[in-house]
Amino acid sequence: MGTCVDDAAAAEFHQFFEAHYAELARLAALLTGEADAADDLAADALMALWHRWDRVRAADHPVAYARGVVANLARSRIRSAVRERRRVALFWGPRDGEGGHAVDDPDVSAVVDVQGALRRLPFRKRACVVLRHAFDLSERDTSLVLGISVGTVKSQTSRGIAELQRILGPDGDAAPARVVAAVAQRGGGHL
């Protein structure tokens, strides 16, 4: 590094890394549903941030910028996984005239947990629910992270919670609070 500016930037980045790595890894785990991939995504995001550290540190909300990078990497990972699953299904799926059946909806409603239910949500709804309830971000901060309007955050969060309630099976009037509490609890611990 050599110069004072470079050493100061490296020290500042190191401090940012130490303060936010675990949070970014947890966000990646909640968005992708893959705890094993979360550390890799967080590391990739921080590597991308380091390469653009001058821009990141000058940003109004560097943590929101970092969360946005994690969200974009998670979205790319999910899309790649979906494409790969489709290729595998086409290759290994039953051929015309062959028997075969797929279980569309296994009877495991008693075993479905919040993480599994989150995986079933479309990415934007999942991201809004996770950022709003597991990370306690405001609607404005969530909109900054995802690059969408505050109104979209509101509608996607509301629809995401409603879909989670439907997936998890409502227990009367307690369902909304149960879903929000479960998402927040999942965000607080290790996956």
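Where is Asp136 found? In this predicted model, Asp136 lies in the loop between H6 and H7. Asp136 is exposed, with a relative accessible area of 64%, a value that lies over the 50% limit used for that class. The phi angle of Asp136 is near 55°, which is a positive value in a residue other than glycine. Most residues other than glycine have a negative phi.

The overall fold is considered next. The chain holds 9 helices and 0 strands, and along the sequence the pattern reads α-α-α-α-α-α-α-α-α. Of the 191 residues in the chain, 37% are buried. Among contacts between residues at least 6 apart in sequence, 68% join residues at least 24 apart.

Two helix pairs that involve H6 were examined. Two packed helices are described by the angle between their axes and the distance between the axes. Helix H6 spans residues 123-134 and helix H7 spans residues 139-146. The axes of H6 and H7 come within 10 Å and cross at roughly 135°. The crossing of H6 and H7 is right-handed. On the H6 side the contact is made by Ala127, Cys128, Leu131 and Arg132, and on the H7 side by Glu139, Thr142, Val145 and Leu146. By class, the residues of this contact divide into 5 nonpolar, 1 polar and 2 charged.

H6 also packs against H8, at an angle of about 95° and with the axes 8 Å apart. The range from 65 to 115 degrees counts as roughly perpendicular, and H6 and H8 are therefore roughly perpendicular to each other. From H6, the residues Arg124, Lys125, Cys128, Val129, Arg132 and His133 take part. In H8, they meet Thr152, Val153, Gln156, Thr157, Arg159, Gly160, Ile161, Glu163 and Leu164. The contact of H6 with H8 has 5 nonpolar, 5 polar and 5 charged residues. Cys128 and Arg132 of H6 are listed in the contact with H7 and also in the contact with H8.

The nonpolar interior was then considered. In soluble globular proteins, nonpolar side chains tend to be buried together. The largest nonpolar core in the model has 45 residues. The residues with the most contacts inside this core are Leu27, Leu31, Leu49, Leu118, Val130, Phe135 and Leu146. Two or more residues each are given to this core by helices H1 (4-32), H2 (35-51), H3 (53-58), H4 (62-92), H5 (114-120) and H8 (150-168), together with H6 and H7. H1 supplies the largest share, 10 residues. Leu146, one of the residues with the most contacts in the core, also takes part in the contact of H7 with H6.

Phe135 touches Glu23, Arg26, Leu27, Leu30 and Val130, when residues up to four places away in sequence are not counted. Among these partners, Leu27 and Val130 are themselves listed with Phe135 as residues with the most contacts inside the core.

Ala28 is placed in helix H1. Is Ala28 buried or exposed? Ala28 has a relative accessible area of 0% and is buried, the limit for that class being under 20%. Apart from its neighbours within four places in sequence, Ala28 is in contact with Gly33, Ala38, Leu41 and Val70. The C-alpha atoms of Ala28 and Ala45 are 9.8 Å apart in space, and the two residues are 17 residues apart in sequence.

How values were computed. Residues numbered from 1 in each chain as written. Predicted model: local features only at pLDDT ≥ 70, side-chain atom pairs only at ≥ 80, totals over all residues. Heavy atoms only, no water. Axes fitted to C-alpha atoms, helices over the stretch in contact; angles between N-to-C directions. Helix = DSSP H or I, 4+ residues; strand = E, 2+ residues; numbered from the N terminus. Left-handed = near helix turned anticlockwise from the far one by under 90°. Contact = heavy atoms within 4.5 Å. Nonpolar A, V, L, I, M, F, W, Y, C, P; charged D, E, K, R; others polar. Core = buried A, V, L, I, M, F, W, Y, C linked by side-chain atoms within 4.5 Å. Buried < 20%, exposed > 50% of the residue type's maximum accessible area, 1.4 Å probe, protein only. Parallel < 35°, antiparallel > 145°, perpendicular 65-115°, else oblique.
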